[in-house]
Amino acid sequence: MIIPETRARLRRLRLAMLGTAKSLLGSLRRRVVPSMRPSGQRPDDVVVLAVNTGMADFARNLVRNLDELGVRSIVYGLDRGVAERIPGSVTHSDVTASPGFVEFDTADFGALQRSKLSAALSHLRSGENVLFLDADVVVKRDPFPELRRDVDLNIQYGATEDLPPTRPFHNMCAGVWYARSSPKTIAFFDDAFALMERDGVDDQTAINRLYWQGDHELDIAILDPQLFPNGHVWTHNSLDDWVLLHANHVIGRAAKIEMLETTGLFSTDSAATVRRSCSGRRYR
Ligand SMILES: [Mn+2]
């Protein structure tokens, strides 16, 4: 006769083995199934992610999305904890940020935004075109064929009005953009960085303010909001044929996870890890 305690232990063991087998199968499948088509990414295009530990789980998921599409990305780890949370992916570690989840509009948020921008700038300066992606993004298909290469900057629509115009708008989102490397774009982002330091504003405020001040003549294309929806556009429309979703306009990790999970592209093992690390703390 098996006593209940032993039975419970056996059950836990069986579940643990099942979990291991599932995750092994998952990683095998990810390695075996190559991307069907080559990506539109060119040799001088880099995808830049800059994350701290608070967003490492999101970034790990995003890197996996990109890998599956054959898109190469570079992850900047902004604190010491990131590298071990995204095994094999963090190629640059620059310890500048605090490790926790950084709430929007806090002092730490400003420092984090500057670190992100300086990572992107270093690539623009070395002649590479930068597709910058926030970590709270999932990618469904190759973004490169949708980017305009005849303008200086492609940038995500950041506002909350439904189905907005696709011309430059007062609210451009600094979380998703593609800049061609040129003296013009380098000068623009250099000035944005200086403005962030001087006035303590975030990258989004700096970019929008600079553009509307008119000191820089930059050709800007707003990414089609139905293809590159922000969190608001996503919530207020039912989109089928989209490329990339940015879970902004929702605050806190749990809300972002909830939004990204609706796409089926935010893997449940990442979600479970993020949830675990949230437990016991309050997030808005
Ligand atoms: Mn974001």
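Good morning. The structure is a predicted model, in which local features need pLDDT of at least 70, side-chain atom pairs count only at pLDDT 80 or more, and totals for chains, interfaces and linings use all residues. Residues are numbered from 1 along each chain as its sequence is written.

I begin with confidence. The pLDDT, the predictor's confidence in each residue from 0 to 100, averages 81 over the protein chain, and 71% of the residues score at least 70. Over residues 276-284 the pLDDT is below 50, and this stretch has eight contacts in the model beyond near neighbours in sequence. A contact means that the C-beta atoms of two residues, placed from the backbone, lie within 7 Å. Where pLDDT is low, the predicted coordinates should not be read in detail.

Next, the overall make-up. Of the 284 residues, 39% are buried. Buried means that 20 or more other C-beta atoms lie within 10 Å of the residue's own, with C-beta atoms placed from the backbone; exposed means 12 or fewer, and partly exposed is in between.

Let us turn to the strands. Strand E4 (residues 129-133) has four of its five residues buried, so it is largely enclosed by the rest of the structure. Four bridges join strand E1 (residues 45-51) to E4, and these two run parallel. E4 is also joined to E7 by four bridges, here antiparallel. Strands count as paired if DSSP finds at least two bridges between them.

Which residue of E4 is the bridge partner of Val-48? It is Phe-132, and Phe-132 also stands opposite Trp-177 in E7. Trp-177 lies in strand E7 (residues 172-179) and counts as buried because it has 23 C-beta neighbours inside 10 Å. Leaving aside residues up to four places away in sequence, Trp-177 touches Phe-132, Leu-153, Asn-154, Ile-155 and Gln-156.

Finally, the largest nonpolar core has 67 residues, and Val-48 is among those that touch the most other members. E7 gives the most to this core, with seven residues. A nonpolar core is a set of buried Ala, Val, Leu, Ile, Met, Phe, Trp, Tyr and Cys residues joined through C-beta atoms within 7 Å.

Thank you.
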